[in-house]
Amino acid sequence: MSNHLRLGIAGLGTVGAALVRMVQEKEEMLTTRCGQAIAITGVNARSKNKDRGIDVSSAKWFDDPVALAKSDDIDVYVELMGGDGDPAYSSVKAALESGKHVVTANKALLAKHGVELAEMAEQNGLLLNYEAAVAGGIPIIKVMRESLTANSVTRVFGILNGTCNYILTRMEDDGLSFETCLKDAQDLGFAEADPTFDIEGNDTAHKLSILASLAFGTRIAPDAIYLEGITKITIEDIEAARELGYRIKLLGVATKTSSGVESRVHPAMVPLGSAIAEIGGVTNAVSIEADTVGSLMMSGPGAGGDATASAVAGDICDIAKSKPGHQHGPALGQPAHSLLPHERSQMRAHEGGYFIRLTVQDKPGTMASIATRMAEQDISLESIVQRKPKSKSGGENTQAPIILVTHETTEQAIKAALEGVSSDGRLIGEAQMIRIEKLS
Ligand code: HSE
């Protein structure tokens, strides 16, 4: 195996198993393209005897990923276990300390420890490649790290979680419940081990924090992101959005402002017909706005074994193609010590319009209360529609849904207006409020 690039793979789940298959089935093509044969010489997973439909019998089995990472039998440690703590963290550190290049798909790990790990890789002259960590099969890291060097990025945004996009798409297309769609996403292997990370937006935030660091040359700061997931989105919201010419997407948005970086993850209304609205199912899309190149958008599969393994394999081949003694580019696009502190900029006051869905008492004066309270807060309405009442009692307790779309205003003003409607005794339950995203 002396001429081979020897891989130690930790984690043989959906992505790990797909990678093993890919390396074995495409052996000849990879050897030609990488200029070096690739061999899997070490593996680790939670269970040794589980049938994964792959043959790793020629690789040495390790019960401990840290031992695999340190092993003299490997040149590259491929971390596909996930999680921001141990054993992912300790094993990646052990690999870098013992002179092994690292390839990882672990966005949670990079969001939490990326700067430290990048620094270790630089100091030891090693590569830390993580294409698969953001947007699955889309080669966005390479583009941002290598191809946009001469650009100052002003905004990076996109659909970064395949599970959420799959759920929202199927709810709209098939009228299925949130729970059914989530279960399907889990069965298809898109979702995280803990799917709350997908649906509450944490996974998107991890990915956004990495993109923001590459975009703005700042330290990775996942905790500086405003976070709102998709668990409160109902079929009613999706239908009302469609009737008003919008579609609901979970977006991650990082914008350079005069005071720092504003990063947010939340459901957003995007206009039907816009490129981002057309991104359906498990597909992800990343859009970059920059001074030199203008606007770019890349889309493709954001999750799934083969798509993610494709990005991992590309990272492995980049290591095979790198020459000994060649100065590797820094993992975060610039030396880790030169990254600026992440200055969190407050969510801007004026973000655009809002979609609001209220359930109100269907009695005289309710519309007047809404209009008055909105006017008191200087909120201009683009449209207001009352739907058929849900209950047919015809009395005081009849409930009716009302959908409002506002012109540009502030979140504070919306909240104050809704409190007013509530204090007038008109509001039933909580109002749904979704931002309308301005796209350039
Ligand atoms: N759970 C993630 C998603 C997998 O749904 O996008 C890829 O990071």
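A polar contact here is a pair of N or O atoms within 3.5 Å; inside the protein, one atom must be able to donate a hydrogen and the other to accept it, and residues adjacent in sequence count only if both atoms are side-chain atoms. This is a predicted model, where local features need pLDDT of at least 70 and side-chain atom pairs count only at pLDDT 80 or more, while totals for chains, interfaces and linings use all residues. Residues are numbered from 1 along each chain as its sequence is written, and side-chain values use heavy atoms, with hydrogens and water left out.

**View 1**
A polar side-chain atom of D198 sits 2.7 Å from a nitrogen atom of the ligand. On the backbone side, a polar atom of F190 is 2.7 Å from a ligand nitrogen, and one of G162 is 2.7 Å from a ligand oxygen. Taken alone, the ligand would expose 250 Å², and the protein buries 93% of that (Shrake-Rupley areas, 1.4 Å probe).

**View 1. Here is the shell around the ligand.**
Among the residues surrounding the ligand are K107, N161, T163, E192, D203 and K207. The shell splits into 3 nonpolar, 4 polar and 5 charged residues; Asp, Glu, Lys and Arg count as charged, Ala, Val, Leu, Ile, Met, Phe, Trp, Tyr, Cys and Pro as nonpolar, and the others, Gly among them, as polar.

D86 and P87 are joined by a cis peptide bond, with omega at about 10 degrees. P87 belongs to the loop between β4 (76-79) and α4 (88-97); helices (H or I, at least four residues) and strands (E, at least two) are DSSP runs, numbered from the N terminus. Then there's A135: not a glycine, yet its phi is positive, at about 60 degrees. Look for A135 in the loop between β6 (128-129) and α6 (140-147).

**View 2. Step back to the domains.**
The domain assignment gives domain 1 (4-137 + 305-338), domain 2 (141-299) and domain 3 (354-436), with bounds from an automatic or database assignment. The C-alpha centres of domain 1 and domain 3 are 52 Å apart.

How values were computed. A residue is near a molecule or strand if one of its heavy atoms lies within 4 Å of it.
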